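Thanks for coming. Please have the structure on screen.

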Amino acid sequence: MQSTLTVDNAPAKSLAYSNRVYLHPSDFAAFKSASPAQGVADDCCLLLLSGAGGDWVFAASAYPTMAAGKLGVASMQRRTAGLEIDAAVDVAPFTATLDTGLGKLRVSLAPFKAGAAADLDAAEVGAYFAREYGCQVFAVGQKLAVAFKKNALIATVEGLDFGVGGQARGGGRFGQVLPGVTQVMPFKERGGGNPNFKLSNVADGAAGGGSGGPKESLFNSDFDFAKLGIGGLGSEFDTIFRRAFASRIYPSHLIQQMGITHVRGMLLFGPPGCGKTLIARQIGKVLNAREPKIVNGPEVLDKYVGASEEKIRELFADAEAEQKAEGDDSMLHTIIFDEMDAICKSRGSVRDGTGVSDSIVNQLLSKIDGVDSLNNILVIGMTNRKDMIDEAILRPGRLELHVEIGLPDEAGRLQILDIKTATMKKAGRLAPDAVDALPALAARTKNFSGAELEGLVKSASSYALRRCVDVAKGNAIDDANLKVVRSDFDHALDSGEAVAAFGAKQESLEALYRDGLVDYGFQFREIKGALDRLVEQTRVSSKTPLMTVLLEGRVATGKTALAAYTAAHAEFPFVRVLSADAMIGYSESAKCQHIQKFFMDAREPARTYKSNLSLIVVDDVERILEYTPVGPRFSNTVLQTLLVLLKKAPPEDHRKLMVIATTSVANHLADLQLTDAFNVVLNVPQLESPEEIAAALADRVPDDAQRAAIAAAINKPIGVKQLLMVLEMARDPEGTGVDPNNFLACLHHVLD
């Protein structure tokens, strides 16, 4: 039997608490006779209503004042089913079966009137609910008005656990409360925010568990890091989930039995462009929690006394109020600080006379882990300079989880490239050869951050966009052939538009050995072989976390070229050249800070950007020291800085640092005890024998007679760099060879 009835108000206000709909007696008799065996009382039948809000099942009873063809529905039921007064609704009998029987029914409770006070016992409410609404059928999301001990409540069905007598049933959308069988488990509505409404004696698992309604997940079920545009951070997210979120998924009583508290804070640190801010921007999409509050560090600062501290307190006000009202049922409040080093500098380090920076740190410490510490917050800080943040913020109980968001590995780079090209790939704007080239691009873009990989894709796209527009024809666009091909990526990389900010600065290193290395014999091969062995020792030996090498020799012997060539071909992820030309005009303190930053970048976990192997070339140590033989004079502050840094090994076992320094005044550095700071000192000699000179000229003077004459004519030691410079001076304009007489004349001018 199916019929169409007209929606009307419930015949009496008091009937709103019955969760029933009402019919004219004749209509009720017709529906009752259509499905006599429903396991319900004689004065009740079950009806399936199909309204704008979907299908819902309500218990129905006869009422003498109801008009025929009308269906009396209270306002709560109308909102649930999406019904309006005088609207037509399809009504059909609903037959409950054994499979619809409920073992447990979980409902959340809230006062009907916002802010109303009540102190109820959950077990009593559950027993009343099972007795009052026995044999009725419910679905998840259904709301009903409940009157219990003069308290008007709103109950929302949160979960159905099908199965009676320990036997699992088929289940479905609708479940029937069986008197004396179904256990009704009420709990306080999450996020209600009413401290005056209390519900005691809540059963374990009331808010979650069971097959019909699992506990509300902390994460949205359909979230995917790839869809959020975050790639290459799988292991980091696993760490974040394990430390910061895993405990919050379990019921509070289990965590109490473990004797632990939730992690209240974590710090994401690492180089720019690796995804810290992106994670913060997208975290609201993956957490099923309160909307995150995202604060840029400098925004907290205020010119008025006490205003900055007040802003910190306001960030935590909502979490405090909800924890006071909800206790362990409070939802998670996430507060995200971008550029956290701007407001949480080490106390005492800022000397502005106001003390505002120190007060902000103190206020933040008291809120995260003070006397009345909160258990429903997660503070996420992000910074490029972990070393600048006050240590008290980073201890356990505060921002205790430190996750380095560093440069992605090859697999991570491929994942990022897939994400950044997904849209153009889906639209057919990425040529097949470019799709096939993505793994090769991931291998080629060593030390690229996520932002730099995005820049690579943009640069490659610009080549494709320029190729498909004809300016001469009024900017005519050839959109049919608009595709990014592999050569576009190659152009972006080869042109230098897309470069890595970290790792070896290949161009600057190659400039230091522009003429290549000159093999002049046994002594050269011995020095180069020793350097290669020391590089390999640093790479593989667990006993060598720090290797420092000093290349000493006279001016123009090729020390810098040898050091730069070794650094460029060592294949260390992080390589830097420290030279005096970058510090021209620096004060002593500024120069020391610059030097310290170089070593911190290569050594400290807060600044290494996931580089386990780092190499620093310190060129012309005497120039950095401002050494001059007149006096002699030097900067003792810089000297002491170098002495300390050259002897300090990386703090973690898996991190290695190699330093290759060059000097032309090793004897004077020995007086300063600087040579003693190096593990190995290698002498780079001048060329002395004719055989060495001839070997050095082998690739540059093809004529054997000319080469032998030049080698025989040089009667004093000469540096290889000096030899090559004189050779270019003496070369004839046609480039056919070198006249020995011209060479000697040029050599005479240079040496004299």
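Start with Lys386. Its charged end sits over the ring of Phe269, at 4.6 Å from the ring centre. Before I go on, please note that this is a predicted model.

The charged end of Arg173 is placed over the ring of Trp56, and here the distance to the ring centre is 4.6 Å.

Now to rings paired with rings. Searching the whole structure gives seven aromatic pairs. Take Phe94 and Phe174, one of those pairs: the ring centres are 5.7 Å apart and the planes stand at 70°, so this pair counts as edge-to-face. The cut-off for that label is over 60 degrees.

Where do Phe94 and Phe174 lie? Phe94 is in the loop between strand 6 (88-93) and strand 7 (102-111), while Phe174 belongs to strand 12 (residues 174-176). The pair therefore ties together parts that are 80 residues apart in sequence. Both Phe94 and Phe174 are buried.

Next, Tyr520 and Phe524. These two form an aromatic pair with 5.5 Å from centre to centre and 55° between the planes, and the pair is tilted. Are these residues buried or exposed? Tyr520 has a relative accessible area of 4%, so Tyr520 is buried. Phe524 has 9%, so Phe524 is buried too. The limit for that word is under 20%.

Last, a group of three. Phe129, Tyr133 and Phe138 make up one aromatic cluster.

Notes. Residues are numbered from 1 along each chain as its sequence is written. This is a predicted model: local features need pLDDT of at least 70, side-chain atom pairs count only at pLDDT 80 or more; totals for chains, interfaces and linings use all residues. Side-chain values use heavy atoms; hydrogens and water are left out. Rings of Phe, Tyr and Trp (its six-membered ring) pair if their centres lie within 6.5 Å; planes under 30 degrees apart count as stacked, over 60 as edge-to-face and the rest as tilted. Helices (H or I, at least four residues) and strands (E, at least two) are DSSP runs, numbered from the N terminus. Buried means under 20% relative accessible area, exposed over 50%, partly exposed in between (1.4 Å probe, protein chains only). A charge sits over a ring if NZ of Lys or CZ of Arg is within 6 Å of the ring centre and within 35 degrees of the ring normal.
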